[in-house]
Amino acid sequence: MTKPPRSKPLLRDTEAPIRSKPRRKPNPAQPQLPFDPMPDRVEPALAQLKSHPPKGKEWSWELKWDGYRLAVHIEPRGIRILTRGGHDWTHRFPAIVEAARGLGPATMIIDGEAVVLDEEGRPDFGLLQQSLGASDRQAGNRASDAIFYAFDLIYFDGLDLRGVEYRSRRHLLDNTLNGKDGAIRLSETFDTEPAVLLEHVCRLGLEGIVGKHLDRPFRSGRTEDWVKIKRVQSEAFFIVGYERSSSAAGFGSLVLAAYRGDDLVHVGSVGTGFRQAEAIRLGKMLEKLRWKRKQPPLPYSGSADIVWVEPTLIAEIDFRAWTMDGKLRHPSYKGLRERQDNADVFRLD
């Protein structure tokens, strides 16, 4: 039997070391790996108000958070936190900034809501508003105890996800946060019938629920891809005056106005929902905004003795319904909105 020929060693000591071929310049005609530039800002997606939740398994349901809508940008040059109106509030949420640093080094834009929780763990818009301050003069105030509940991922590690269905965006968000329980947390979804979830939300005194269509891409503006069902209605109105009172705050109720076209229209007054410290602070602000003209800022046919003020402050008001003559039914004061939060004063038309 003949022996097989001896194989030659692949590399002899006397031979030169193996070298790779010289790197060639990239051919500009060849396709490159997909990479999407990071948007400087993304106009948020807004939910359409519905009286009843839509049916179907293609909807994902979660709590409606009662706070400030924010976008957390984790960028190569650092962290930015933008309001719904595009204003930079990074310096006002130090704890959220610190938590965002721990999510890197991937670049991302996370959509969510900043809230402050009360002693029972419920979001309280009034507490958040107090921690931030309610006027531009107090814009340096910080909400160190605010928590950012994340509910969407718009950009991730070089990929713009706006064209991707919500189901996949949510999956990526779940993996990114991975059960974190600090200043940035995942807004949980609930695997139950929305009517049952809404019943529990009402019992707990929370604001409502939000449904998101799992198969739809991200679309800025108000569409029916996202819907909200609220326990009570909540809108923003101008404060245009107040009724005098002997209380420490100096007022008994606030006179409210909405837009009809370009004009302001009286929609009633609110006299409940005020914390004492908040009411005293608000009274001092109103005193500085006294209306200096003879005619009030809007038509008024009531008989109350009103002190009119410049329509500058915007109040968030809970109410049950509208009366037949266009006034708020059972209104309750929640807090002041800031213009930088892109507070939209309610429009009757």
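The structure is a predicted model, where local features need pLDDT of at least 70 and side-chain atom pairs count only at pLDDT 80 or more, while totals for chains, interfaces and linings use all residues. Residues are numbered from 1 along each chain as its sequence is written, and side-chain values use heavy atoms, leaving out hydrogens and water.

**The whole chain**
- The protein chain has five helices and 18 strands (DSSP runs numbered from the N terminus: H or I of at least four residues for helices, E of at least two for strands).
- Of its 349 residues, 46% are buried (under 20% relative accessible area, with a 1.4 Å probe and protein chains only).
- Taking contacts (heavy atoms within 4.5 Å) between residues at least 6 apart in sequence, 69% join residues at least 24 apart.

**Helix H2**
- Helix H2 spans residues 125-132 and is mostly covered, with six of its eight residues buried.
- Those buried residues are Phe125, Gly126, Leu128, Gln129, Ser131 and Leu132.
- They pack against helix H5 (276-287) and strands E3 (68-75), E5 (108-115), E15 (314-319) and E18 (332-337).
- Aspartate 124 caps the N-terminal end of H2, placing a side-chain oxygen 2.9 Å from the backbone nitrogen of glycine 126.

**Aspartate 111**
- Aspartate 111 lies in strand E5, and is buried with a relative accessible area of 3%.
- Leaving aside neighbours within four places in sequence, aspartate 111 is in contact with residues including Arg69, Leu70, Phe148, Tyr149 and Trp226.

How values were computed:
Buried means under 20% relative accessible area, exposed over 50%, partly exposed in between (1.4 Å probe, protein chains only). A polar contact is a pair of N or O atoms within 3.5 Å; within protein, one must be able to donate a hydrogen and the other to accept it, and residues adjacent in sequence count only if both atoms are side-chain atoms.
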